[in-house]
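Subject: Structure handover

Hello,

Here is the structure I promised to pass on.

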Amino acid sequence: MGKILMLNGSPRAPRSNSKQYAELFSRGCKWDAEYAAITRTNHLELCQRLEEFSDLLFVFPLYADCLPVTLLHFLKTLEAHPPQRKPTVSVLINCGFLEPEQNELAVKILELYCRQNGYPFGSVLAIGGGEAILGTPFRILVRSRLKKLAASLERGAYGRWKVTMPISKGMFLKASTKYWLSYGAKNGVTGEQMATMRIEE
Amino acid sequence: MTLILSDRPLHIPDMDQSTTELIDLSALKIANCVGCFGCWTKTPGKCVIRDDAVGVYPRIAASDRVLYVSRVKYGSYDTVMKTMLERAIPVQQAFIRLLDGETHHVQRAVAPKQAVILGYGDTSAEEREIFRQLVARNAKNMNFAQYRVEFAPEDAVEQVVREEVASWARS
């Protein structure tokens, strides 16, 4: 039986959607799956811990069209301090946009990293609408794909999946506007204020 | 307004300082974005982290011509440039629009840009192709009206930038 280290590369790891995705993944996984958030100070510790694991699952959001810099920094440390036994690397990525395909470039970057550094590459789950989908009835779709992701790691039969809200783009725009208006209202900020065109003025 | 945003010091003697600003990110203190959404939902258009980045993203937004100079790492911008690009999200709103059939954030007052992205370092053909694809994605989210991606070895970066700046003077 293998052992999975889930590394959260979100800049807001303790309060992140990525943390929730990792928790859901571990619930559907029969293997021992341990979780850690990448911080500024724990890179070397995480590199050392990797010796114990057969699989590494990077969990992170799309950030400015690719990997969050939190994860980029860690990858550079890992390149300099690789484990002796290299785990199979899989990816669980989410973006706030409806199209899970917007995550593909970030996955390509990680695949390239794995090729350059000798890590076997495993499975990918790309989630669209990732900021809000867990608060909708469509979370059941996410759970189902997370189970497939976990099963693929357990069997060594790797694959690629994507999931998003099965709604029209027009409906997504309306739903996302409502979501963000509600987010602002909790801070006492109106939609008009949120829509300001001013930058640092 | 033209902006040269670089992850390393550059010496460009022929640069017209009345129209062009050079920002060396390596000389600035810029923390990582913490993903708090404050710039969208608490203080719209302003980052809650008040470090050197708050002087940079308004310049990015206002510029109609940009030259970004970044080391390429794994087909991505290396960490210095990537940190700044992540901290530039106050130039967008939380709200989503359709652009070319895809969902993207609404831009605030961001001038459409003629962009040149200069990636440098010891890069493979595969890394260069991924980087080109990354810039194509950025074009949608950073309001690039037109863009060009160039590559240079590290020791040729300054010369390539000087030639680009000289070409602006001629145009």
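Predicted model: local features only at pLDDT ≥ 70, side-chain atom pairs only at ≥ 80, totals over all residues.

**The contact between the chains**

Chain A puts 39 residues into the contact, and chain B puts in 44 residues. On chain A, four helices each supply at least two residues to the side that touches chain B: α3 (69-80), α4 (104-117), α6 (169-186) and α7 (191-194). The top contributor to that side is α6(A), with eight residues. Sorted by class, the side of chain A that touches chain B holds 23 nonpolar, nine polar and seven charged residues.

**A helix pair across the contact**

Look next at α4(A) and helix α4 (residues 125-141) of chain B. Their axes are 10 Å apart and meet at an angle of about 160°. Angles over 145 degrees count as roughly antiparallel, so α4(A) is roughly antiparallel to α4(B). The crossing of α4(A) with α4(B) is left-handed.

From α4(A) come A:Leu105, A:Lys108, A:Ile109 and A:Leu112. They meet B:Glu126, B:Glu127, B:Ile130, B:Gln133, B:Leu134 and B:Arg137 of α4(B). This contact of α4(A) with α4(B) has five nonpolar residues, one polar and four charged.

**Two helices with buried residues**

Helix α1 (residues 17-27) of chain A has buried residues at A:Asn17, A:Ser18, A:Tyr21, A:Ala22 and A:Phe25. Their arc around the axis is only 140°, so they sit on the same side of α1(A). What do the buried residues of α1(A) pack against? Their partners in chain A are β1 (3-8), β2 (32-37), β3 (55-61), β4 (88-94) and α5 (139-155).

In chain B, helix α3 (residues 79-87) has seven of its nine residues buried, so the rest of the structure largely encloses it. Those buried in α3(B) are B:Met81, B:Lys82, B:Thr83, B:Met84, B:Leu85, B:Glu86 and B:Arg87. They pack against α2 (57-62), β3 (65-73) and β4 (76-77) of chain B, together with α3 of chain A.

**Two loop residues to check**

A:Asp65 is not a glycine, yet has a positive phi of about 75°. Its place is the loop between β3 and α3 of chain A. A:Asp65 has 23 C-beta neighbours inside 10 Å, so it counts as buried.

B:Phe37 is not a glycine either, and has a positive phi of about 65°. This residue lies in the loop between β2 (20-24) and α1 (38-41) of chain B. B:Phe37 has 17 C-beta neighbours inside 10 Å, and therefore counts as partly exposed.

Best wishes

Key
Residues numbered from 1 in each chain as written. Chains lettered and ligands numbered in written order. Contact = placed C-beta atoms within 7 Å. Nonpolar A, V, L, I, M, F, W, Y, C, P; charged D, E, K, R; others polar. Axes fitted to C-alpha atoms, helices over the stretch in contact; angles between N-to-C directions. Parallel < 35°, antiparallel > 145°, perpendicular 65-115°, else oblique. Left-handed = near helix turned anticlockwise from the far one by under 90°. Buried ≥ 20, exposed ≤ 12 C-beta atoms within 10 Å, placed from the backbone. Arc of directions from axis to C-beta.
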